[in-house]
Amino acid sequence: MTTTGHTSTTPMALRATTTNTPLTTTQPIIRARDLTMSYGGVDVLHGIDLDIHRGEIFALLGPNGAGKTTTVEILEGFRQRSAGEVRVLGADPERGDDAWRGRIGLVLQSWRDHRRWRVAELLAHFATYYPDPRDPAELLSLVGLTDQADRQVDRLSGGQRRRLDVALGIVGRPELLFLDEPTTGFDPEARHDFHVLVERLARDEGVTVLLTTHDLVEAERLADRIAMLVSGRIRACGTPSELARGAAAQAEVRWTTDDGTARRERTEDPSRLVWELHRDAPGPIADLEVRRPTLEDTYLHMVHREDDGTDGGGDSGVGEGLGRGRDGHGDGETRAA
Ligand SMILES: Nc1ncnc2c1ncn2[C@@H]1O[C@H](COP(=O)(O)OP(=O)(O)OP(=O)(O)O)[C@@H](O)[C@H]1O
């Protein structure tokens, strides 16, 4: 995802006492209808519908140039949409005030203009912008940076910086957290710790998380629901298993015949094929393996259909009316376009 102009801004004073209209528990935290965006007359978002509910971890997945950054920047209030209706935490992001902004956490690219600050100082400084911040020392422990508390930001490793980005994003106890490719540069252990942290925020604190990522494994591991955005359209949306099941991709059965020939067959009914193989075979079947369609199959299918100029959304079998937020609120109708 591209680094955007707002990545190095210092947060505005967030002590404003005005608030936007409180949400009812059934209202989506994020709602978009027919969201469209064009840059200089070129359409890049073609009517996106989204409903994301409280406590849900929602991943926006898509190839380069699909429109993820554009969508997220509109939802964050950093970019003006061309048309459509958008509500985030009950407000139009284009008119979100400081109190509204204080309810949102952003984990963007690194905070490049704070290189000389020490980690703990920077966190403590950011904490002063919020009415009910987390304790900086606890937060450092939460993101695994206690040992780096006195280190200058520009002496941190890439992964440690990213952890600091996460800490800065959640210091104000946000209700809604935007994570922009958050684990880029993380080693596997740091990535695991980060996933645990995000799950904890969603499960224990009801934080709603919108994650953008290219990483299918991360999306599958973390997200309650995933929307696949391809060329400015949501091509499929659902839980990871719904998306994998809904792929036009079929299961693949592999085995080795008696004469040593490796065989593979794609089928929508692998159990029937396996049953037939057993029925017709004189003995055990060598190297029998059934590979179910994966999220990656669905993803590649959507992207390739788009490249082929066909309608990648047509047979996904997922999208409309699928999935609910973790707390079961709302109609869960994040829609495929
Ligand atoms: N400021 C801009 N002016 C003109 N075109 C833009 C601008 N920002 C993005 N675009 C175009 O809009 C489309 C969507 O871009 P966007 O950055 O939202 O995609 P993305 O899914 O975030 O991609 P990536 O994963 O590569 O970051 C692309 O074709 C991009 O070239």
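Biologist: How many Å separate the centres of domain 1 and domain 2?
Modeller: In this predicted model, the centres lie 44 Å apart, taken over C-alpha atoms.

Biologist: Which residues belong to each domain?
Modeller: The domain assignment gives 5-245 + 297-308 for domain 1 and 250-292 for domain 2.

Biologist: And the largest nonpolar core, which residues touch the most other members?
Modeller: A167, V209 and M228 do, in a core of 70 residues.

Biologist: What does A167 touch?
Modeller: Leaving out residues up to four places away in sequence, A167 touches L123, L139, L140, V143 and L145.

Biologist: Switching to strands. In what order do the 3 strands of the open sheet come?
Modeller: The order is β2-β1-β4, with antiparallel pairing. The edges are β2 (42-52) and β4 (83-88), each of which pairs on one side only. Neighbouring strands of this sheet are turned by 25° against each other on average, direction ignored.

Biologist: How many bridges join β1 to β4?
Modeller: There are 5, and β1 covers residues 30-39. R33 has E85 in β4 as its bridge partner.

Biologist: Where does E181 lie?
Modeller: E181 is in the loop between β6 (176-180) and α6 (188-205). E181 is partly exposed, because 19 other C-beta atoms lie within 10 Å and buried would take 20 or more.

Biologist: What about D287, buried or exposed?
Modeller: D287 counts as exposed, with 10 C-beta neighbours inside 10 Å. D287 has a positive phi too, about 55°, and lies in strand β12, residues 286-291.

Definitions and conventions:
Residues numbered from 1 in each chain as written. Predicted model: local features only at pLDDT ≥ 70, side-chain atom pairs only at ≥ 80, totals over all residues. Core = buried A, V, L, I, M, F, W, Y, C linked by C-beta atoms within 7 Å. Buried ≥ 20, exposed ≤ 12 C-beta atoms within 10 Å, placed from the backbone. Contact = placed C-beta atoms within 7 Å. Domains from an automatic or database assignment. Pairing = 2+ DSSP bridges. Helix = DSSP H or I, 4+ residues; strand = E, 2+ residues; numbered from the N terminus. Axes fitted to C-alpha atoms, helices over the stretch in contact; angles between N-to-C directions.
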